[in-house]
Amino acid sequence: MIIGVPKEIKNNENRVALTPGGAKELIKRGHTVYVQSTAGIGSGFSDEEYVAAGAQLLPTIEETYAIAEMIMKVKEPIEAEYSLIKKDQLLFTYFHFASYEPLTRAMIEQKPVCLAYETVERADRSLPLLIPMSEVAGRMATQEGAKYLEKPMGGRGILLGGVPGVKPAKVIVIGGGIVGTQATKIAAGMGADVTIMDIDLYRLRQLDDIMPANVKTMVSSEHNIREEIKDADMVVGAVLIPGAKAPHLITKDMLSSMRDGAVLVDVAVDQGGCFETTKPTTHAEPVFEVDGVMHYCVANMPGAVPYTSTLALTNATLPYAIQLADKGWEAACRDNEELKKGLNIIGGEVVYKAVADAFDLEYKNVEDFLLAKA
Ligand SMILES: NC(=O)c1ccc[n+]([C@@H]2O[C@H](COP(=O)([O-])OP(=O)(O)OC[C@H]3O[C@@H](n4cnc5c(N)ncnc54)[C@H](O)[C@@H]3O)[C@@H](O)[C@H]2O)c1
């Protein structure tokens, strides 16, 4: 198969979808890999390293899209890329369709096969291509929140761990999945007073067993959130309803009850955000203020630590990319339920229910589609 790796052009996105090591694995299996020149530079991989691995360099993004049967990316295509995408071309990347209708409509129109990292799903319902980025974003959420709690950064000027004789900051983490667990771990490690909330009692029991004594667990409900945020210094939003828009768990009216200079970190911003006042931001301008409360809502948090993120992501995507390249997407998805779950749009048809529901679009069952194609 001919695989193309374009350079990411989203603001401050320095990750790349394939490392030179990954390129070598694909080439060893007889595939051809084209990498857009300087695509890996932001993650510390030079053009020379890709060439040494056997990949071929292309000077422009247009040529990279034009030649490839499978495009491997990190972020969803942005508007400038829509017209470069070809009918029947396989796109293997993050899409997050449910949070952005224009992208969904553009992919329906261009008719590629969209296999979304974020909906590839294992039998235990875990999302193997979201986990590594969630691990990065979760750990970073606390690091960024702590930074914006500093006075010169606009925060209330409290040190997360306090000092002997001075109470630590109070951190609320809403959502006890991968992001929430990692954010909690770092906040607890820094000495904060942490409460982690989830609607899943079994999850809370597990967390209660493994977390240190400065972490409490609490059921997530409107009442509990309203009460807990009143004296919180930092709130991390880390909920997920797979494939769907995040629910608004902190509404605008609740902000007035919060402390001035408190920080909200909405990691779920890529699914629409779990705070009503969330607006997506970038690393160039990560924060804004509403009613005295700082909001950090960067949609591609792992993009700021591209070295760690690229390695973490490609460790997880490469085994799937190899299956897609070796067998083609149809056979690979028929053979592997995990990959099949990743199919969102095929040739203009929406085959992922939550995406169709989000925009009232017609839904086609992916099984019928694969059978029809067999
Ligand atoms: N901004 C970024 O750069 C970035 C990076 C990685 C992940 N994310 C996003 O972070 C979010 C969380 O991802 P994850 O991997 O931790 O998901 P996850 O599935 O591991 O965890 C989500 C948790 O939210 C809980 N939940 C659902 N509804 C809830 C509610 N009303 N109250 C409290 N908890 C609730 C679930 O029970 C689950 O435990 C997702 O939206 C994901 O897309 C963003």
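Reader: Where is the place of Val163?

Author: In this predicted model, Val163 sits in the loop between helix H6 (131–148) and E7.

Reader: Why is Val163 called partly exposed?

Author: Its relative accessibility is 45%.

Reader: What makes the nonpolar surface patch at Val163?

Author: Leu159, Val163 and Val166 make it, and the patch has about 280 Å². A patch residue needs over 30% relative accessible area.

Reader: Where does Ala141 lie, and why is Ala141 called buried?

Author: Ala141 lies in helix H6. Its relative accessibility is 0%. Buried means under 20%, so Ala141 counts as buried.

Reader: Which residues is Ala141 in contact with, leaving aside its neighbours within four places in sequence?

Author: They are Ala183, Val236, Val265, Val267 and Met301. Contact means heavy atoms within 4.5 Å.

Reader: What separates the C-alpha atoms of Ala141 and Lys73?

Author: A distance of 24 Å. Along the chain, the two residues are 68 residues apart.

Reader: What makes Lys73 and Glu8 a salt bridge?

Author: Their closest N and O atoms are 2.9 Å apart. The definition asks for a nitrogen of Lys or Arg within 4 Å of a carboxyl oxygen of Asp or Glu. At 2.9 Å, Glu8 and Lys73 therefore form a salt bridge.

Reader: Which parts of the chain does the pair link?

Author: Distant ones, 65 residues apart. Glu8 is in the loop between strand E1 (2–5) and helix H1 (20–28). Lys73 is in the loop between strand E4 (70–72) and helix H4 (79–82).

Reader: Are Glu8 and Lys73 buried or exposed?

Author: Glu8 has a relative accessible area of 7%. Lys73 has 2%. The limit for buried is under 20%, so Glu8 is buried and Lys73 is buried.

Reader: How many salt bridges does a search of the whole structure find?

Author: The search finds 25. One of them joins Arg125 and Glu121, at 3.3 Å from N to O.

Reader: Are Arg125 and Glu121 buried or exposed?

Author: Arg125 has 60% relative accessibility. Exposed means over 50%, so Arg125 counts as exposed. Glu121 has a relative accessible area of 9%. Under 20% is buried, so Glu121 is buried.

Reader: How do you know that Asp231 forms a salt bridge with Lys170?

Author: The closest N and O atoms are 2.7 Å apart. The cut-off is within 4 Å, so this pair qualifies. Asp231 lies in the loop between helix H9 (222–228) and strand E10 (234–237), and Lys170 in strand E7 (residues 170–174). The pair therefore ties together parts that are 61 residues apart in sequence.

Reader: What makes E7 and E8 a strand pair?

Author: They share 5 bridges, in the parallel sense. Pairing asks for at least two bridges, so E7 and E8 pair. In E8, Val194 is the bridge partner of Val171. The chain crosses from E7 through helix H7 (residues 178–189) to E8, in a right-handed β-α-β crossover.

Reader: Which other strand pairs with E8?

Author: Strand E9 (residues 215–219), in the parallel sense over 5 bridges. Thr195 has Lys216 as its bridge partner in E9. E8, helix H8 (residues 201–210) and E9 make a right-handed β-α-β unit.

Reader: Why is strand E8 called largely enclosed?

Author: Of its 6 residues, 5 are buried. The rest of the structure therefore largely encloses E8 (residues 193–198).

Reader: What makes E1 and E4 a pair?

Author: They have 2 parallel bridges. The requirement is at least two, so E1 and E4 meet it. Gly4 has Ile71 as its bridge partner in E4.

Reader: Why is Thr64 called buried?

Author: Thr64 lies in helix H3 (residues 61–67). Its relative accessible area is 0%. That is under 20%, so Thr64 is buried. Its contacts beyond four places in sequence include Gly4 and Ile71.

Methods. Residues are numbered from 1 along each chain as its sequence is written. This is a predicted model: local features need pLDDT of at least 70, side-chain atom pairs count only at pLDDT 80 or more; totals for chains, interfaces and linings use all residues. Side-chain values use heavy atoms; hydrogens and water are left out. A salt bridge is a side-chain nitrogen of Lys or Arg within 4 Å of a carboxyl oxygen of Asp or Glu. Helices (H or I, at least four residues) and strands (E, at least two) are DSSP runs, numbered from the N terminus. Buried means under 20% relative accessible area, exposed over 50%, partly exposed in between (1.4 Å probe, protein chains only). Patches are made of residues with over 30% relative accessible area and no salt bridge: like charges are joined within 9 Å, nonpolar side chains (Val, Leu, Ile, Met, Phe, Trp, Tyr) within 5 Å. Accessible areas come from the Shrake-Rupley method with a 1.4 Å probe; for residues, only the protein chains shown count as cover. A crossover is right-handed if, with the strands pointing away from the viewer, the path from the first strand over the helix to the second runs clockwise.
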